[in-house]
Amino acid sequence: MDEILLKQAVYRALCGQGQAIELPDHRQCSLGRWYADPDIRALYQAHAGYRELDAPHAAVHDCARQALALHRQGRSDDAIAACARMEDANRLVREGLARMLAQEGIA
């Protein structure tokens, strides 16, 4: 499950359109598997953006799980706050990836 699908699943659940889902750990999704791959690590470990991916990426997943748990508890305002934290963390992931691309001369 990639970040967009993860976020979509959370928002659908909060809107009553989704079923109970189990969200993957940040190392189980496609991005997590990609950046944990030893070959990728060897290529990009010197890039600041790469080194900065893990913590915010884990936060995206943690906040998504928190949002769903809070929603199930009927704590809508807290679930929305968890979604805001999820979006903030996701922004940091995107910025880290953008720094990697820029360092490679791609962006």
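## Starting at Trp34

Let's begin with Trp34, which is partly exposed, with a relative accessible area of 31%. Please keep in mind that this is a predicted model.

Trp34 has an aromatic partner. A search of the whole structure turns up two aromatic pairs. In one of them, the ring centres of Trp34 and Tyr44 are 6.0 Å apart and the planes meet at 45°, so this pair is tilted. Trp34 belongs to helix H2 (residues 30-36) and Tyr44 to helix H3 (residues 38-44), so the pair ties together parts that are ten residues apart in sequence. Tyr44 is buried, at a relative accessible area of 18%.

## The Tyr35 and Tyr50 pair

Now for the other pair. Tyr35 and Tyr50 are arranged edge-to-face, with 6.3 Å from centre to centre and 90° between the planes. This pair links distant parts of the chain, as Tyr35 sits in helix H2 and Tyr50 in helix H4 (residues 48-51), 15 residues apart.

## Around Tyr50

Setting aside neighbours within four places in sequence, Tyr50 is in contact with Tyr35, Ile40, Arg41, Tyr44, Gln45 and Met100. That list includes Tyr35, its edge-to-face partner, and Tyr44, the partner of Trp34 in the tilted pair.

Leu97 is 47 residues from Tyr50 along the chain, and the C-alpha atoms of these two residues are separated by 7.0 Å.

Methods: Residues are numbered from 1 along each chain as its sequence is written. This is a predicted model: local features need pLDDT of at least 70, side-chain atom pairs count only at pLDDT 80 or more; totals for chains, interfaces and linings use all residues. Side-chain values use heavy atoms; hydrogens and water are left out. Rings of Phe, Tyr and Trp (its six-membered ring) pair if their centres lie within 6.5 Å; planes under 30 degrees apart count as stacked, over 60 as edge-to-face and the rest as tilted. Helices (H or I, at least four residues) and strands (E, at least two) are DSSP runs, numbered from the N terminus. Buried means under 20% relative accessible area, exposed over 50%, partly exposed in between (1.4 Å probe, protein chains only). Contact means heavy atoms within 4.5 Å.
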